[in-house]
Amino acid sequence: MWAIELEKVSKSFGAHRVLIDLDLQVRPSEKVTLIGPSGSGKTTVLRLAMTLEKPTAGNIRVFGKSILFDAAGKPLSSSEEARMRRRCGMVFQQFNLFPHLTVLQNLVLAPRTVLRQSRDQAEKSALEYLRMVGLETKVHAYPAQLSGGQQQRIAIARALILKPEILLLDEITSALDPELTREVLGVVQDVARETKVTVLIVTHEMRFAREVSDRIVVFHAGRIIEQGSPDKIFSNPESARTRSFLKCVLNH
């Protein structure tokens, strides 16, 4: 059974076709990175998996169950859709922390409201995940008192605290300078190494993609043009478009 399966998925915004008959499968615990030019459809894949967007055509399954339709082929109810969504956690380009809440309050909010945990349970869990991202000393700080890298590490902890089976990472270092980028990517590498969570990543950080991924999937104009191990894609790509893209980003 696939952790994520996109079957003949298309997505259009008006006349603009972002994804075209896309087939993509991700194994449980696999770490897969989507690369390719801006606008090639990578982030749309994550947003579809998180049910933030609906496909124009096709089906999407998470651990064998459609996140769009019930067994009779009818659209899922809002409660069923929310239940399926909880199997995924997503970290965005912007940190999206609540500025008026402390780090601890940001982390306990979802376990208290979504999982109905007690305050003690939620706070214990929050401290565990803050230790995982190396920020247990910042429990009482507010987001404005943290660096961008620290805020993004908090956002990762907040996504993980709900114990998702799938973690979706969308250009999580694009708003950071190089030093903070290394800090955040180090945390993601630790998470990938230490947990069995399935990870689907969109990034322009090619060194990180090579180090953290089991598989690289290359997108161009809404389609997958090539996929394979990091060594294959970075050392011996088959597609001329892949070679051209890598030449641009690696020489940038």
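Student: In which sense do strand S7 and strand S8 pair?

Tutor: Let's take the general idea first. Strands of a sheet pair through backbone hydrogen bonds, and the pairing is either parallel or antiparallel. In this predicted model, strand S7 (residues 166-170) and strand S8 (residues 198-202) run in the parallel sense, paired over five bridges. If you want a spot to look at, find Leu 169: its bridge partner in S8 is Ile 201.

Student: Which order do the strands of the open sheet follow?

Tutor: The open sheet has six strands, in the order S6-S7-S8-S3-S9-S10, and the pairing is mixed. Strand S6 (88-91) and strand S10 (223-228) have a single partner strand each, so they stand at the edges, with one side left without a neighbour in the sheet. From one strand to the next, the twist averages 20°.

Student: Which strands does helix H9 touch?

Tutor: Helix H9 (residues 240-250) packs on the sheet, where it touches strand S3 (31-35), strand S9 (215-220) and S10. Compare directions too: H9 makes an angle of about 80° with S10.

Student: Now for pockets. What is the volume of the largest pocket?

Tutor: Again, the idea comes first. Rolling a probe the size of a water molecule over the atoms shows where empty space is left. Here the largest pocket has a volume of about 580 Å³. It is lined by 24 residues, and those closest to its centre are Met 50, Met 90, Ala 110, Arg 158 and Leu 162.

Student: Which elements supply at least two residues each to that lining?

Tutor: Helix H2 (78-85), S6, helix H3 (103-113) and helix H5 (148-160) each do. As for residue types, the lining of the largest pocket has 15 nonpolar, six polar and three charged residues.

Student: How much space lies in the second largest pocket?

Tutor: About 220 Å³. Two elements give two or more residues to its lining, helix H6 (178-194) and helix H7 (206-212). H6 gives the most, with six residues. Among the lining residues are Arg 182, Glu 205, Arg 207 and Glu 211. In this second largest pocket, the lining divides into three nonpolar, three polar and four charged residues.

Student: Where does UniProt place the domain feature?

Tutor: An unreviewed UniProt entry places "domain: ABC transporter" at residues 4-246. In the model, the end C-alpha atoms of residues 4-246 lie 26 Å apart. That span is 37% helix and 25% strand.

Key: Residues numbered from 1 in each chain as written. Predicted model: local features only at pLDDT ≥ 70, side-chain atom pairs only at ≥ 80, totals over all residues. Heavy atoms only, no water. Pairing = 2+ DSSP bridges. Helix = DSSP H or I, 4+ residues; strand = E, 2+ residues; numbered from the N terminus. Axes fitted to C-alpha atoms, helices over the stretch in contact; angles between N-to-C directions. Contact = heavy atoms within 4.5 Å. 1 Å grid on protein atoms, 1.4 Å probe; cavity = no way out; pocket = protein on both sides within 12 Å on 5 of 7 lines; lining within 4 Å. Points joined across faces, edges and corners; volume = space filled by probe spheres on them. Nonpolar A, V, L, I, M, F, W, Y, C, P; charged D, E, K, R; others polar. UniProt positions renumbered as here; feature names shortened; annotations may be inferred.
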